[in-house]
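Hi there,

Here is the structure I promised to pass on to you.

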Amino acid sequence: MNWTVMWDSLPRLAAALPLTLQLVTMALAAGAVLAFATALLRLSGNRVAVALTSTYSFVFRGTPLLVQIFLIYYGLSQLEFVRDSFLWPVLSQPMWCAILALALNTGAYTSEILRGAIETVPQGQVEAARACGMSRVRMFRRIVLPVAVRQMLPAYGNEVILMVKASSLASTITMMEITGVARRMIAQTFAVMEIFIVAGILYLLINFIATRLIRHAEWRMTPYLRARA
Amino acid sequence: MLDLLTSGLHGWGPQLLSGTAMTIAVALSSFLLGLAFGAAGAAAKLSDSLVLRGLAELYTTAVRGVPELLVIYLLFFGGSGMIMAVAGIFGYSGYVELNAFSIGVAAVGLISGAYSTEVIRGAVKSVPYGQIEAARACGMGRWRILRRVLVPQTLRFALPGLGNVWQLTLKDTALISVTALAEIMRVAHTAAGSTRQSFLFYSVAALLYLALTTVSTTAFQRAERYASRGVRRA
């Protein structure tokens, strides 16, 4: 083990950290909106909406993320009407393609998590809300959603970790985030183990902080479970 | 369908089919290797030894927290060196080169094993302790308890979780395409490059993966039904 190589690789790998974080946060934010819409449509009972959303979640959960990224980055650029459309300035950028693929992917998984959580909201609470005279929208906003979000947090924490790891695939379409930089440095120095360890520790650090944040959110949302002073 | 595959895809049909076979071969081998790692990892996590528990904890935390691609790069660029270092301890000083298949299986198996460890550990713990006490009271030895009481029930409890691990493993094999092993993704990439029909070939790749995941979902559902045939349902 060469400690100087490890020490020297740290600043270069750490410099790639912001890009990884940017990919993850933007994908998670867009994915959350997508998941919310998908879960609502899925539970709406409308036949067309249900068919569309189940197909979306089936396709994106049943194929590897790498296929999705390549299909969006390389595949779409082959189509004439995509290149002529107003979306081209966005879709010709690897950054936006990576975020789009990651967001669509996490959106599919998160919508299933959210749907499961909404379905576990006790019927009694819904009935109680209705008995209080709440409208559907108010009931959803005040009762169903808060309970469901609390319920889904542990599973969502896993999804966040998966997204942090999945952001490494952006390196396959030229994005120089942590894994991309690590790969290039391995090819230059052949200090495989050293660079793997430093890059790995960076990812573990991100995941550690992410888990802590989710756990803190869970703690904030469950004041009734805390021991009373 | 077969006709379309052989002649329709600019002549790339046969390669895509053999790529699919390669994907299945890598996924199966990695999954089995992962089960072996998982069983060992679960045994270590449930053991009394602090060192074994610590090592197993390090394994699952590190592998599940680090991107799969990074693990693949580690073995792809460093695998031969590691094997040679180990061979050196035993007095062998020749050059060892690993082929893409074994590197891929080792990498994906290592990842799959970390997830299997957690699944198997949970399944072992859900076998009621009373049954083990009962088996001991019947005079069964450690191995017989393991074989007759623990393993059969652990398998049943672990099946749904292992189904998820299989799906993960199957999808992770796509990442081995970076090592130039001719599985679905690699063939699609090459075909897309030479015909400039990327949309077509990546769509075909996606469909092939969808077919594989759909078939395996059904297979695991059947296996679950078979494994719980003796269980009373509410």
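This is a predicted model: local features need pLDDT of at least 70, side-chain atom pairs count only at pLDDT 80 or more; totals for chains, interfaces and linings use all residues.

Which residues of H9(A) are buried? They are A:Ala148, A:Met152, A:Tyr156, A:Glu159, A:Met163, A:Val164, A:Lys165 and A:Ala166.

With 31 residues, a straight helix at 1.5 Å a residue would reach 45 Å, but the end C-alpha atoms of H9(A) are only 37 Å apart.

**Where the chains meet**

On to the interface. In chain A, 30 residues are in contact with 29 residues of chain B. On the chain A side, the elements that give two or more residues are helix H3 (47–62), helix H4 (65–75), helix H9 (136–166), helix H10 (178–189) and helix H11 (192–221). H11(A) supplies the largest share of that side, eight residues. Sorted by class, the side of chain A that touches chain B holds 19 nonpolar, nine polar and two charged residues.

**Chain B**

Now for the partner chain. Chain B has nine helices and zero strands, and its pattern along the sequence reads α-α-α-α-α-α-α-α-α. Its C-alpha atoms fill a box of roughly 70 × 55 × 25 Å along the principal axes. Of the 234 residues in chain B, 38% are buried. Among its contacts between residues at least 6 apart in sequence, 75% join residues at least 24 apart.

One residue to look up is B:Ile145, which is found in helix H7 (residues 142–172) of chain B. Why does B:Ile145 count as partly exposed? There are 18 other C-beta atoms within 10 Å of B:Ile145, whereas a buried residue needs 20 or more and an exposed one has 12 or fewer. Leaving aside residues up to four places away in sequence, B:Ile145 touches B:Ile132, B:Ala135, B:Arg136, B:Met140 and B:Leu150. B:Gln131 is 14 residues from B:Ile145 in sequence, and their C-alpha atoms are 9.4 Å apart in space.

Definitions and conventions
Residues are numbered from 1 along each chain as its sequence is written. Chains are lettered from A and ligands numbered from 1 in the order in which they are written. Two residues are in contact if their C-beta atoms, placed from the backbone, lie within 7 Å. Helices (H or I, at least four residues) and strands (E, at least two) are DSSP runs, numbered from the N terminus. Ala, Val, Leu, Ile, Met, Phe, Trp, Tyr, Cys and Pro count as nonpolar, Asp, Glu, Lys and Arg as charged, and the others, Gly among them, as polar. The expected span of a helix is 1.5 Å times one less than its number of residues.
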